[in-house]
Amino acid sequence: MLNTTDLSVYGCIFEVQWDIFKLNETTPIASLAAWEPQFTFPEAGEYRVVLNVGGPAGTGASELLLSVRNRNDGGY
């Protein structure tokens, strides 16, 4: 995952949170408050990742659906 949020205006974003859900579930399996988080998925399957950002002008969110597979027994 790559965070491409525009940072051209200094100080425009001061809150970043990634919420990771199993597809069709409402409780996140993880919430990460980091600009470039690292996360290992617990198992193969379908996931929904929501990036929430906030700043002086308000908040916004973007969502991505992922299909996670085991890569040669090297993790998800």
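**A four-strand open sheet**

Visitor: What order do the strands take in the open sheet?
Guide: The order is β2-β1-β3-β4, in an open sheet of four strands with antiparallel pairing. Two strands pair if DSSP finds at least two bridges between them.

Visitor: Which strands are at the edge?
Guide: β2 (30–32) and β4 (58–68) are the edge strands, and each pairs on one side only. From one strand to the next, the twist averages 15 degrees. Axes here are lines fitted to C-alpha atoms, and angles run from 0 to 180 degrees between N-to-C directions.

Visitor: Where does this model come from?
Guide: This is a predicted model: local features need pLDDT of at least 70, side-chain atom pairs count only at pLDDT 80 or more, and totals for chains, interfaces and linings use all residues. Residues are numbered from 1 along each chain as its sequence is written, and side-chain values use heavy atoms, with hydrogens and water left out.

Visitor: How many helices and strands does the chain have?
Guide: Zero helices and four strands. Helices (H or I, at least four residues) and strands (E, at least two) are DSSP runs, numbered from the N terminus.

Visitor: Back to pairing. How many bridges join β1 and β2?
Guide: Three bridges, in the antiparallel sense. Isoleucine 20 stands opposite alanine 30 in β2.

Visitor: Which residues form the largest nonpolar core?
Guide: Ten residues: Val16, Trp18, Ile20, Ala30, Phe41, Tyr47, Val49, Leu51, Val53 and Val68. β3 gives the most, with four residues. A nonpolar core is a set of buried Ala, Val, Leu, Ile, Met, Phe, Trp, Tyr and Cys residues joined through side-chain atoms within 4.5 Å.

Visitor: What share of the chain counts as buried?
Guide: 24% of the 76 residues. Buried means under 20% relative accessible area, exposed over 50%, partly exposed in between (1.4 Å probe, protein chains only).

Visitor: Now lysine 22. Buried or exposed?
Guide: Lysine 22 counts as buried because its relative accessible area is 19%. Its place is in strand β1 (residues 15–22).

Visitor: What does lysine 22 touch?
Guide: Ile29, Glu43, Ala44, Glu46 and Tyr47, not counting residues up to four places away in sequence. Contact means heavy atoms within 4.5 Å.

Visitor: And where is cysteine 12?
Guide: Cysteine 12 lies in the segment before β1. Cysteine 12 is partly exposed, at 25% relative accessibility. Its C-alpha atom and that of valine 53 are separated by 9.9 Å, though these residues are 41 apart along the chain.
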